[in-house]
Amino acid sequence: MKSFTYQRVTTALDAAKAADKTPGSKFIAGGTNLLDLMKLQIEKPAHLIDISKTGLNKIELNTDGGLRIGAMVNNTDLASHNVVRRDYGLLARALLSGASGQLRNKATTSGNLLQRTRCPYFYDTNQLCNKRVPGSGCAAIAGFSRQLAIIGSSDHCIATHPSDMAVAMRALDATVETVNVRGEHRKIPIADLYLLPGSTPHLENTLQPGEIITSVLLPPPIGGKQIYQKIRDRASYAFATISVGAIIYPDGSGKLALGGVAAKPWRIEQAEALLPKGSKLVTERLLAGARPTGENQYKIMLVERTIESVIQQAKR
Amino acid sequence: MKFDKPAGKNAIDQLKVVGKPIDRIDGPLKTTGRATYAYEHQIAETKPAYGYIVGAGIAKGRIEAIHQTAAKSLPGVIGVITASNAGPLKTGRFYADRLLAGPDVDHYHQAIAIVVAESFEQARAGAALLRVDYVKSKGSFDLKKAGASATILNPGRPSTAATAEVSSFEDGFKSAPFKLDEIYTTPDQSHAMMEPHATIAKWDGEKLTCWCSIQQINWGVRDLANILGIDPKNIRLISAFIGGGFGGKGTVLSDIVAASLAARLTGRTVKITLQRTLMFNNTIHRPATIQRLRIGADADGTITSIGHESLSGNIPRGFAEYTTTSTRTLYAGKNRMTQLKLALLNLPEGAAMRAPGEASGMMALEIAMDEMAAKLKMDPVEFRIKNDTQVHPENPKRTFSTRLLVECLQTGAKKFKWESRSKQPRGKEEGDWLLGMGVASAVRGAPIMKCAARVRLSNKGIVTVETDMTDIGTGSYTIIAQTAAEMMGIEINKVVVKLGDSSLPESPGSAGQWGAASSTSGVYAACVKLREKVEQMFGFEPGTAEFSDGKVSVKNKKYSLSKAADSGELISEDEMTYGELSREFAQDTFGAHFVEVAVNKYSCEIRVRRMLAVCHAGRILNPKTARSQVIGAMTMGVGAALMEELVVDTNVGFFVNHDLAGYEVPVHADIPHQDVILLEDLDPTMSPMKAKGIGELGLVGVAAAIANAVYNATGVRIREYPISLHKILESSYNLEENN
């Protein structure tokens with residue numbers, strides 16, 4: 001860990017201003033990802049801005065019947081909130097499938113969205129990684145890639161986004177609200193939050209420097225059977241090999257997003273129209289253009305099977 | 001005391017304390033955080049400095065330069081130790097690895113430097129500032145490729161022979177009406193124990209004291225002396241509590257050497273713990289194997305030939321993985337052949353991990369047995385029973401001291417309701433899950449080693465036992481206390497046990513499943529001497545008094561035990577040594593593992609539903625700690641079967657998944673229900689304790705039982721561990737198939 005300076009702010013606007021003032025600074029909330037990365041010197045911020053006391057820790061009903069989730073609401077509180085459990089079961093299930101009780105108690109909503117990949121080559125500073133050191137190369141593509149991306153990846157990076165929560169939010173059409181140093185508010189549909197790696201895998205999202213997430217909006221409840229199916233080698237405390245977050249209606253229509261396959265929650269709305277026709281066609285459309293490695297080719301079949309499993313579960 | 005003829009009745013047979021499910025006497029210390037582990041010691045009147053080990057960033061090559069200016073100018077940094085200022089270093093006698101690299105680098109994350117600073121954070125920050133120039137060279141990282149130029153190991157003594165042939169295997173196999181010939185692979189595995197390797201080192205002149213975490217104190221002293229080139233008499237190792245070892249802390253590794261060197265060069269007391277990310281490549285691991293099993297049998301299920309060839313790889317001077325050991329003892333069969341091959345690899349060193357050899361060998365053999373039973377259309381339990389042998393299959397003159405393999409299998413089958421298993425694979429479903437059951441035999445040698453102990457009796461009637469035996473979470477403290485209490489006729493709360501200090505009498509430590517039987521026998525010997533001293537104090541003939549309820553009596557003469565120490569503490573020390581019984585008899589432990597799994601028919605995720613181990617390991621000294629050993633081992637077997645794999649990147653030459661997020665071991669949710677049956681049967685050929693070890697037996701065979709259950713559930717046979725879901729998905733597995 002490199003030495004750093006630290007300040008605590010009490011409003012999101014102050015946080016944005018502080019970030020603008022000190023280049024190379026980072027926001028810290030729960031610290032469940034950032035601190036690990038700092039110890040390994042993968043992240044080397046000169047300055048930390050603690051946003052945990054910004055008061056953004058409320059879950060409120062919105063005037064449109066939807067939900068406004070403060071950026072600092074922790075994963076445990078969000079998963080156990082009455083309205084979330086009643087109307088957004090997909091989100092509660094996705095949250096509870098992730099990490100451990102202790103981590104969920106610390107991890108925040110915006111921190112969860114912005115957590116970084118778990119690619120093992122990203123985590124080892126001796127290895128080539130374009131995300132960590134732009135232009136250095138990628139050891140993962142020809143290396144151990146069983147857990148890594150099959151779609152939306154590039155010759156520069158095959159890292160995945162590890163969040164379960166983000167997959168649910170993508171299927172639920174969440175919107176991220178931000179504020180910047182000038183006090184300007186912006187609404188970013190979650191579909192537009194993440195960037196695919198291309199030739200700049202170190203750029204992961206569309207937030208501008210200093211722009212800070214203040215909340216996540218969920219649209220009014222959309223009903224349906226809400227299923228989060230996370231596939232993993234052990235029964236708990238593991239990142240998804242792949243996951244499917246789905247809302248399925250009695251007529252067989254629905255929405256779904258995938259985790260563990262790309263640098264962002266993967267959703268192709270056009271594929272959803274094929275849901276009543278079965279998992280095979282949906283998967284073909286969803287994963288059209290997939291470019292798996294030899295080691296993670298199995299994910300394509302696994303996605304199809306898991307979607308099939310979800311369709312069958314929704315019928316029960 | 002020398003043990004050279006089978007034990008008769010003795011004081012232990014009273015079983016007033018021994019054999020009882022007594023709670024760990026060190027349990028309250030551990031559950032309240034008062035058990036002091038290596039890194040936690042507060043050394044009086046010293047402000048320790050902190051060391052941080054830097055691991056090599058390449059797999060093989062040479063260090064051209066280590067640029068240290070930036071690190072040394074960081075506030076708090078005291079010094080940097082590298083091969084250029086460390087002085088001459090040798091290697092230990094068990095691990096072959098050089099524990100400080102330079103100028104050559106032998107494997108990834110081999111220690112190349114130690115940064116010492118006033119705080120841990122400063123040392124870590126300093127370590128990140130070292131800039132190292134390497135010249136990489138090509139290495140051998142692919143076991144399969146390296147196998148082409150592997151060496152066949154020469155035959156040796158029967159118990160350790162690498163290569164053996166009885167009758168004519170090839171002819172026997174060729175003519176067998178039923179044949180199996182398959183290749184099985186096991187991956188590199190990590191011990192992944194909870195407590196990382198850690199040491200606090202302090203020099204007083206020529207005397208070196210290390211508070212450390214190692215399983216075999218005597219090997220530790222020997223190896224540290226050898227590595228540093230100092231007199232073993234000047235070394236004291238203290239390792240009173242160990243947070244898990246599994247063979248991964250057998251003797252000296254880089255933390256002890258680094259702390260000792262750093263303390264010597266800086267003149268400070270130095271604390272070092274290996275960072276978790278270094279443990280997987282810096283230290284040792286269970287090496288990967290490629291094994292070929294051939295079994296030939298008659299139509300009635302009699303095995304006529306059995307062949308087991310195995311390849312593993314290692315650094316120069318490293319061992320081969322002795323996977324064939326169990327095959328040589330477990331089943332009958334006239335024509336036999338086993339062969340070990342060792343290839344050169346430039347990966348980290350492969351060495352002992354819980355049940356070394358047996359664990360990975362039985363992962364292969366016991367799938368092969370299941371496959372053979374299927375070919376013969378026999379029940380896998382019956383097939384194993386059919387091929388039981390009561391004499392050593394390579395030497396019929398040598399009988400087993402005790403062997404209840406058949407009873408283990410039968411008892412387990414009944415308890416597990418084996419008869420409810422579908423005879424056809426993929427015969428049972430429950431919702432989205434396919435259910436299956438599997439079985440495997442277990443066998444593990446029961447070595448016993450000489451062990452010394454000292455016992456002291458105070459005038460308060462307190463008996464203190466002292467030996468350098470260690471407790472790696474196994475229950476050594478408790479069973480040693482039970483032994484002393486039984487021998488001296490007192491309650492267990494009157495016994496104090498001091499372990500893990502090289503200044504105490506020498507034990508063989510915790511390894512090889514020999515710790516429990518060996519250390520309690522050493523304590524037995526010392527207690528026999530102490531009893532004689534007590535008898536002498538009371539004017540009794542040696543060996544005539546009864547020690548019971550804190551009293552010592554002969555007929556109507558009765559004294560309090562404590563009275564014997566009225567005029568001063570009574571101290572006895574002895575060592576138990578052994579004669580030829582272990583050559584005369586094949587001494588082994590046996591067992592059977594039964595497992596039920598559920599495999600999701602969509603995702604092919606595998607979840608264990610229930611497990612049963614039936615173990616036969618001589619006298620069970622404490623059923624509670626023994627059971628804990630077995631359920632822990634079974635859990636490790638689940639890891640081996642389903643998830644544990646150090647993934648080799650053959651381009652870079654390292655284990656990629658070197659943290660606990662990447663190297664998965666089972667969590668609670670993976671282990672729903674475990675049962676253990678301990679089939680007690682005394683073995684008087686072992687020692688007066690009539691006990692054997694059990695800690696490794698509990699692991700041997702578990703993974704194969706799971707693999708066999710997966711086959712029974714799905715009809716898919718996976719011969720490459722771990723049985724990951726993608727292997728089933730990519731096999732002939734068919735979602736739609738129904739019964």
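In this predicted model, Ile479(B), Ile480(B), Thr483(B), Ala484(B), Met487(B) and Met488(B) of helix α13(B) are in contact with a set of residues in α14(B) that includes Ala516(B), Ser519(B), Val523(B), Cys527(B), Leu530(B) and Val534(B). An α-helix has 3.6 residues a turn, so residues three or four places apart point the same way.

Helix α13 comprises residues 476–488 of chain B and helix α14 residues 515–537 of chain B; their axes come within 9 Å and cross at roughly 30°. Angles under 35 degrees count as roughly parallel, and α13(B) and α14(B) are therefore roughly parallel to each other. Their crossing is right-handed.

A second pair involves helix α17, residues 702–714 of chain B, whose 13 residues reach 18 Å from the first C-alpha to the last, close to the 18 Å expected. Twelve of these 13 residues are buried, so α17(B) is largely enclosed by the rest of the structure. Among the buried residues are Val702(B), Ile706(B), Asn708(B) and Thr714(B). After α17(B) comes Gly715(B), which has a positive phi near 80°.

Helix α10, residues 358–376 of chain B, packs with α17(B) at an angle of about 35°, the axes being 8 Å apart. This crossing of α10(B) and α17(B) is right-handed. On the α10(B) side, Met362(B), Met363(B), Glu366(B), Ile367(B) and Asp370(B) take part, and they meet Ala703(B), Ala704(B), Ala707(B), Asn708(B) and Tyr711(B) of α17(B). Seven nonpolar, one polar and two charged residues make up this contact.

Terms used
Residues numbered from 1 in each chain as written. Chains lettered and ligands numbered in written order. Predicted model: local features only at pLDDT ≥ 70, side-chain atom pairs only at ≥ 80, totals over all residues. Heavy atoms only, no water. Axes fitted to C-alpha atoms, helices over the stretch in contact; angles between N-to-C directions. Helix = DSSP H or I, 4+ residues; strand = E, 2+ residues; numbered from the N terminus. Parallel < 35°, antiparallel > 145°, perpendicular 65-115°, else oblique. Left-handed = near helix turned anticlockwise from the far one by under 90°. Contact = heavy atoms within 4.5 Å. Expected span 1.5 Å × (residues − 1). Buried < 20%, exposed > 50% of the residue type's maximum accessible area, 1.4 Å probe, protein only. Nonpolar A, V, L, I, M, F, W, Y, C, P; charged D, E, K, R; others polar.
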